[in-house]
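Dear colleague,

Please find the structure below, followed by an account of what was found in it.

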Amino acid sequence: MTLVLDLVLLMAGLVLWQRGSSEGDDVWSLFLRGLALIDLVVITIGNGVLWIEIPLLLLALALPSVARLERRGRSSNP
C-alpha cells in the first residue's frame, strides 16, 4: 500500500513539475517547480508525513494557471 501511495504522490509531483514548465509567468513557474521539488524530496528522502503532504499537494495541483487568472481579470474589468 505504501508503494502505491508513493507512486501516486510521485506522479502528482511530476505533473506539478510539468505544469510549472508550461506556465508563461516565470515567477509562477518557479513557485510550482519549487513545490514539485519539495514534494519529490520528501517522498524520496523523508518517507513523508502523508497527512500533511497529501492535502498540500492537492492544494498545489488545484492552483489556477496564470492564463486563467488573466482571463478572469480581463472579463471582470469594464
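Which residues does L63 touch, not counting residues up to four places away in sequence? L63 touches R19, W28, F31, L32, L35 and R68, where contact means heavy atoms within 4.5 Å.

Before the details, a note on conventions. This is a predicted model, in which local features need pLDDT of at least 70 and side-chain atom pairs count only at pLDDT 80 or more, while totals for chains, interfaces and linings use all residues. Residues are numbered from 1 along each chain as its sequence is written, and side-chain values use heavy atoms, with hydrogens and water left out.

The protein has four helices and zero strands, and its elements run α-α-α-α from the N terminus on. Helices (H or I, at least four residues) and strands (E, at least two) are DSSP runs, numbered from the N terminus. Of the 78 residues in the protein, 22% are buried; buried means under 20% relative accessible area, exposed over 50%, and partly exposed in between (1.4 Å probe, protein chains only). The protein exposes about 5,600 Å², of which carbon and sulfur atoms supply 71%, by the Shrake-Rupley method with a 1.4 Å probe. Among contacts between residues at least 6 apart in sequence, 64% join residues at least 24 apart.

To return to L63, this residue lies in the loop between α3 (50-62) and α4 (66-76). L63 counts as partly exposed because its relative accessible area is 21%. The C-alpha atoms of L63 and L32 are separated by 9.3 Å, with the two residues 31 apart along the chain.

R19, one of the contacts of L63, is placed in helix α1 (residues 2-21). R19 counts as buried because its relative accessibility is 16%. Leaving aside residues up to four places away in sequence, R19 touches L32, A60, L61, A62, L63, P64 and S65.

W28 and F31, also among the contacts of L63, both lie in helix α2 (residues 26-44), three residues apart, about one turn of the helix. Rings of Phe, Tyr and Trp (its six-membered ring) pair if their centres lie within 6.5 Å; planes under 30 degrees apart count as stacked, over 60 as edge-to-face and the rest as tilted. By this rule the count is one aromatic pair. W28 and F31 form that pair, which is tilted, at 5.6 Å centre to centre with 35° between the planes. F31 is partly exposed, at 40% relative accessible area.
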